[in-house]
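Subject: Structure for you to look at

Hello,

Here is the structure I promised to pass on. Please open it first, then read the notes below.

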Amino acid sequence: MQDSRFAIRDSTTQLHPEQSDALPPASSLPNPSFRILHPDAQDHHVARMAAVALGLTLIENAIPSPLPGVKPGLANIVTLIVLQRFGWRVAAWVSLLRVVAGSLLFGNFLTPGFFLGLAGALSSLAVLAIAQHLPKRAFGAVSHSILAAFAHIAGQLGLVYVWLIPHDGIAYLIPIFAAAALVFGIVNGLIAARLLLRFAPDNPATKN
Amino acid sequence: MQHLKVGDILLIICAAIGVVFLSLKIWTGAAAERAIIRSGGKIFQEVSLAKDQQISVPGHLGISIIRIEAHRARISSDPSPRQYCVRQGWLQQAGEIALCLPNQVSVELVGRDKKYDSLNY
């Protein structure tokens, strides 16, 4: 782990008394509201995974889509892998960080697009919280991916209906979105399953 | 296939059936029961689709012929220059409509209850 690459860790190590005599010990800092956050290994891991997810979102945004809202959701591959490897909490962190940071990156923070992404991510995470308890022997990443994809589109359409277009007409779009969710759910799930197998925990190259 | 487990395949099959079912359910409109024929903006005649017949409707340019056959309706002949409404072919679901704008004749199919009041462009 090359923690020193992260600026936030750099500043914390500088403030440590044994490394810099000029500064007072951290405990006796004059301003009590000043707090140093010590990101641990897991925080770095979450950040790294969110960055990978963000990269995939960036790539995905460059792919033209036939219909607004029909997107492969490549970033969810990362969420699926993290879910399997590190559990739901870390997956939720990665997914939500990706949504917020992605919206800042693309300049749509707090716009309808951002809330749609957030609604999709939240409902996927809610379904994944249940789906992760499916028997591991019979259900793998592909199942998680399909269920999450359906939840994603259900959450988004739900928000569209209650907030943006309160008209029954959007029901006509459900089959298109559901079919897209199924196709991309399978594809993303297969990619995630393949990566999970390739970088299995017993593989020393992927040790964290 | 080492990436797909038994449950995954079952889920894919169930989801695919679900999507197909949903599409049929949502995209198949209600059955049409009557055809409303308009000319010059006024209702010229409202006919049941149960009976096969041919109706001549006088319009702005001339006479449009509307055919009703096997619970479907179409405009089979019209004096409008581009023939859009003729080429539209058979209408069979409630809510479908064929408009011959130059001749100001239209055929609209309705079911038991109308889905919307008007169409706007």
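In which helix of chain A does A:Tyr161 lie? A:Tyr161 lies in helix H6. Helices (H or I, at least four residues) and strands (E, at least two) are DSSP runs, numbered from the N terminus.

Two notes on conventions. This is a predicted model, where local features need pLDDT of at least 70 and side-chain atom pairs count only at pLDDT 80 or more, while totals for chains, interfaces and linings use all residues. Residues are numbered from 1 along each chain as its sequence is written, and chains are lettered from A and ligands numbered from 1 in the order in which they are written.

**A:Tyr161**

A:Tyr161 counts as partly exposed because it has 14 C-beta neighbours inside 10 Å. The cut-offs: a residue is buried if 20 or more other C-beta atoms lie within 10 Å of its own, exposed if 12 or fewer, and partly exposed in between, with C-beta atoms placed from the backbone. Leaving aside neighbours within four places in sequence, A:Tyr161 is in contact with A:Pro166 and A:Ile170. Contact means that the C-beta atoms of two residues, placed from the backbone, lie within 7 Å. A:Ala171 is ten residues away from A:Tyr161 in sequence, and their C-alpha atoms are 9.2 Å apart.

**Where the chains meet**

Chain B gives 16 residues to the contact, and chain A gives 19 residues. On the side of chain B that touches chain A, ten residues are nonpolar, four polar and two charged. Here Ala, Val, Leu, Ile, Met, Phe, Trp, Tyr, Cys and Pro count as nonpolar, Asp, Glu, Lys and Arg as charged, and the others, Gly among them, as polar.

Helix H6 (residues 141-164) of chain A also meets helix H1 (residues 6-27) of chain B: their axes come within 8 Å and cross at roughly 25°. Axes are lines fitted to C-alpha atoms, for helices over the stretch in contact, and angles run from 0 to 180 degrees between N-to-C directions. H6(A) and H1(B) are therefore roughly parallel to each other (angles under 35 degrees). From H6(A), the contact uses A:Val142, A:Ser143 and A:Ile146. From H1(B) come B:Gly7, B:Asp8, B:Leu11, B:Ile12 and B:Ala15. By class, this helix contact has five nonpolar, two polar and one charged residues.

**Chain B**

Chain B has two helices and seven strands. Their order from the N terminus is α-β-β-β-β-β-α-β-β. Of the 121 residues in chain B, 24% are buried.

What is the strand order in the open sheet of four strands in chain B? The order is E2-E1-E7-E6, with antiparallel pairing. Strands pair if DSSP finds at least two bridges between them. E2 (42-48) and E6 (97-100) of chain B stand at the edges with a single partner strand each, so one side of each has no neighbour in the sheet. The twist from one strand to the next averages 15°. Four bridges join E6(B) to E7 (residues 105-110) of chain B, in the antiparallel sense. B:Ala98 stands opposite B:Val107 in E7(B).

An open sheet of three strands in chain B runs E3-E4-E5, also antiparallel. Its edge strands are E3 (53-58) and E5 (72-77), each pairing on one side only. Neighbouring strands are turned by 25° against each other on average, direction ignored. E3(B) and E4 (residues 63-69) pair over six bridges. B:Ser56 has B:Ile65 in E4(B) as its bridge partner.

Best wishes

Methods: Parallel < 35°, antiparallel > 145°, perpendicular 65-115°, else oblique.
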